Amino acid sequence: MIRRIETHLTMAPTPASTRRAGRRHPLATTALLVVGLLATGGAYALATTTATAETTAASAELIDEGGKLFAANCASCHGMNAEGTAAGPTLIGAGALAVDFQVGTGRMPMAASGPQAELKPVQFTQAQIDAMAAWVADLAPGPAVPPDRYIAGDGDAAHGAELFRINCAMCHNVAGAGGALTEGKWAPGLAGVDPVHIYGAMVTGPQNMPVFSDLNLTPEDKNDIITYLLYVQENPSVGGWDLGSLGPVSEGLFIWIFGLGALVGVTIWLTAKSN
Amino acid sequence: MAEAHDSAHGGETPGTAVAQQQDHSAPAPAVAVVRSDRFPNPGFPPERLRVTDLDPKKEKQAERTISALFFLSIIGSVFAVAAYILFPIDNLDPSTIRLNNMFLGIGITLGLLGVGIGAVHWSKALMHGHELVEERHPTRGSDESRERAVEIFREANAESGFTRRSLVRNTLIGAVIATPIPAIALFRDLAPAKDPVALLKHTMWDTGVRLARDPSGTPIKASEVTIGSAFHVIPEGLAELEYHRLEEKAKAAVLLMRLPVDELNEDPAKADWSYDGIVAYSKICTHVGCPVALYEQQTHHLLCPCHQSQFDVADHCKVIFGPAARPLPQLPITVDDEGYLVAQSDFTEPVGPSFWERAL
């Protein structure tokens, strides 16, 4: 299976060879890339069930596969050996979990330089992400993808809520709705985020988020925090319509427009003469 | 209403001023029409009768609407009681509060709005609707009633002997003045027993006090603070305090961060206040005391969420934006024999916002 994928991949990064004859259609390279990626994605989608079993072993083939994907998609910024360039940091020691978070949430490959890498549709299949993660993890030891019991979300929601209020809520909002930071950066909302990505963000500290290593918040603590976030999403606000849980901004806007608007309407009705 | 019309003709309004001035001079020879200096009082516009005055069918309809509103109010009030019983709050399931509050609120809203809207509609549509003018009465009382009032005071003085029995009068005045004194003494005791200035100048931090995690209170080893980390810190022992725990936490809360050593630009005088890139700063904003904890690990900016003050952790937390007047106070730290982070001393300046006695 992996051999078949390699053939597609080796086709993709060969734009120079298409110029040779000079009479191909200008979109030939793009078309070739699209065909190659679609075929790769399709093949992986078919193979996912068997591929996940193989990734745990982090076999040499998988690492090799990840290296090729890295060279084709990441190396222009992070360097051929992930040593880092002016455009991107080194990934030596970043670990599999950082790759899983950054690529798995669609932040990498980065759409454009800016204050913050924006979320966009995920560009790779999970099997491809796992391959790249295995390659980065092979460079130097780093945080690994946690076992399922730490991202199950079956912990103590009350303890998780306390930890969240102390460590996370100042940026991410007490209900995980997100909030603004300095100079155009922001803390994203946490609704609908995969637990493994919440865990990954805490451990690796992506972009401007501080690191909350296992020595600060234990894996059990992290599971409690995930439990709390899932609880908040699954249970509607006790106080009724939460207006995005944004606090005084949305609530103030609502009451100024609709509350005062209703009062103005009632005042006009009170003083108007009946028909 | 009539007075308002009169004052409008008194010459104050801009439109009438020109006409008045012309009238003071001799009439222009070519103008044959004699002009009045006043607009005639237009009086009231003809009274427009309401549909309920003209059409008995509409009147009947309004009556039904009003009674329907009052009936809706009754239903709402009864519904509120029924909802309170049918949707009880289960202490173990907070989501039950939602239904309970919603239906109770709908019921009470119908109960109150039904009465209010019905009453207003009644007065507007059915009650006697003729326009009338009520002249304003003078505020001053009649001479007769004023004289009578003075007379009553005189009689009361003569009968009670208020001016004659001066001992009684003076002791009464003294007694009335004395009654609020116990309240002053009681309310004075609400102030801090100790000197508040001294309380503001010192926190729980002291030489050798370990830095501990909030909220568990477990001490932190320097080796546990990886680069890019942010720890929310309380002094060891705070979690076990029996009294004034929140007051102490409000002063002693600290944010512990580790930066790459080469990115840390330290004041030479405070160079030994950090440990291998680990720095500890007060979490209490120097503007008005909000907790400053929005730490960006790449830019090393700390943002206060209340008024957007920004501090640069790499540059001894100097203010780079916003209303804060001073850098966040730094807690001098080091490690003890067992590798735990400890404070070298208390903060060397008062934490938090300015206060009157604070030396700047």
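**Exercise 1.** Decide whether B:Gln308 counts as buried, partly exposed or exposed, and describe its place in chain B.

*Solution.* We begin with the cut-offs: a residue is buried if 20 or more other C-beta atoms, placed from the backbone, lie within 10 Å of its own, exposed if 12 or fewer do, and partly exposed in between. B:Gln308 has 15 C-beta neighbours inside 10 Å, and therefore it counts as partly exposed. As for its place, B:Gln308 is found in the loop between S6 and S7 of chain B, where helices (H or I, at least four residues) and strands (E, at least two) are DSSP runs numbered from the N terminus. Although B:Gln308 is not a glycine, its phi is positive, at about 60°.

Before going on, note that this is a predicted model, in which local features need a pLDDT of at least 70 and side-chain atom pairs count only at pLDDT 80 or more, while totals for chains, interfaces and linings use all residues. Residues are numbered from 1 along each chain as its sequence is written, and chains are lettered from A and ligands numbered from 1 in the order in which they are written.

**Exercise 2.** Carry out the analysis of Exercise 1 for A:Gln207: which phi does it have, and is it buried or exposed, or in between?

*Solution.* A:Gln207 has a positive phi of about 50°, although it is not a glycine. Its place is the loop between helix H10 (195-204) and helix H11 (219-234) of chain A. Because 16 other C-beta atoms lie within 10 Å, A:Gln207 is partly exposed.

**Exercise 3.** Follow chain B onward from the loop of B:Gln308 and describe how S7(B) and S8(B) pair.

*Solution.* Two strands pair if DSSP finds at least two bridges between them, and strand S7 (residues 310-312) and strand S8 (residues 318-321) of chain B have three bridges, in the antiparallel sense. Within this pair, B:Gln310 stands opposite B:Phe321 in S8(B). The hairpin has five residues between the strands, and in it B:His316 takes a positive phi near 35°.

**Exercise 4.** Which residues have the most contacts inside the largest nonpolar core?

*Solution.* A nonpolar core is a set of buried Ala, Val, Leu, Ile, Met, Phe, Trp, Tyr and Cys residues joined through C-beta atoms within 7 Å. The largest one has 95 residues, and those with the most contacts inside it are A:Met132, A:Val136, B:Leu211, B:Val254 and B:Leu256. Helix H7 (residues 126-139) of chain A gives the most to this core, with nine residues. Two residues are in contact if their C-beta atoms, placed from the backbone, lie within 7 Å. Leaving aside neighbours within four places in sequence, the contacts of B:Leu256 are B:Leu211, B:Val225, B:Phe231, B:Val233, B:Ile278 and B:Ala280.

**Exercise 5.** Describe how chain A and chain B meet, starting from the number of residues that each supplies.

*Solution.* Chain B gives 31 residues to the contact and chain A gives 24 residues. On the side of chain B, helix H5 (95-125), strand S2 (230-235), strand S5 (294-296) and strand S6 (301-303) each supply at least two residues. The most come from H5(B), with seven residues. By class, this side of chain B has 15 nonpolar, 10 polar and six charged residues, where Ala, Val, Leu, Ile, Met, Phe, Trp, Tyr, Cys and Pro count as nonpolar, Asp, Glu, Lys and Arg as charged, and the others, Gly among them, as polar.
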